Amino acid sequence: MRRILKCYGSVYKTIYKYGTTNKITASSANASGTVKYKYEFRKASSWTYETIKDYTTSTSVSWNAPQTGSFTLRITAYDGTDYAIRTINIKVKK
């Protein structure tokens, strides 16, 4: 049976006050080697993701939203063979 890489991600809360640092945490399961994570975000009205931190073995990253509004955070896990993605929707208010 083939194993399937899984990616998990979380934030402390899904509604943040603008100017507050957000901590994004990642983890994975069923990896065949060392897992690297890529952290990205996009404004809800955009299709383009911007990189917070490129592939790293770090399981958490701090991020400050560039403005208020709704955002999608994306965590991509890569173990040298497979990719897995987790998305999280958050709101940033004044």
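Modeller: A contact here means heavy atoms within 4.5 Å. This is a predicted model; local features need pLDDT of at least 70, side-chain atom pairs count only at pLDDT 80 or more, and totals for chains, interfaces and linings use all residues. Residues are numbered from 1 along each chain as its sequence is written, and side-chain values use heavy atoms, with hydrogens and water left out.

Start with Trp-63. Leaving aside residues up to four places away in sequence, Trp-63 touches Thr-20, Thr-21, Asn-22, Ile-24, Phe-41, Ile-52, Phe-71, Leu-73 and Ile-90.

Now the core itself. A nonpolar core is a set of buried Ala, Val, Leu, Ile, Met, Phe, Trp, Tyr and Cys residues joined through side-chain atoms within 4.5 Å. Buried means under 20% relative accessible area (1.4 Å probe, protein chains only). The largest such core has 21 residues, and Ile-24, Trp-63, Leu-73, Ile-75 and Ile-90 touch the most other members. At least two residues of this core come from each of β1 (6-11), β3 (22-29), β4 (36-43), β6 (60-63), β7 (69-78) and β8 (83-93). In soluble globular proteins, nonpolar side chains tend to be buried together.

The setting is an all-strand chain: zero helices, eight strands. Strands are DSSP runs (E, at least two residues), numbered from the N terminus. Buried residues make up 34% of the 94 residues. Among contacts with a separation of 6 or more, 55% join residues 24 or more positions apart. Along the principal axes, the C-alpha atoms fill a box of roughly 50 × 25 × 20 Å.

Terms used: Helix = DSSP H or I, 4+ residues; strand = E, 2+ residues; numbered from the N terminus. Buried < 20%, exposed > 50% of the residue type's maximum accessible area, 1.4 Å probe, protein only.
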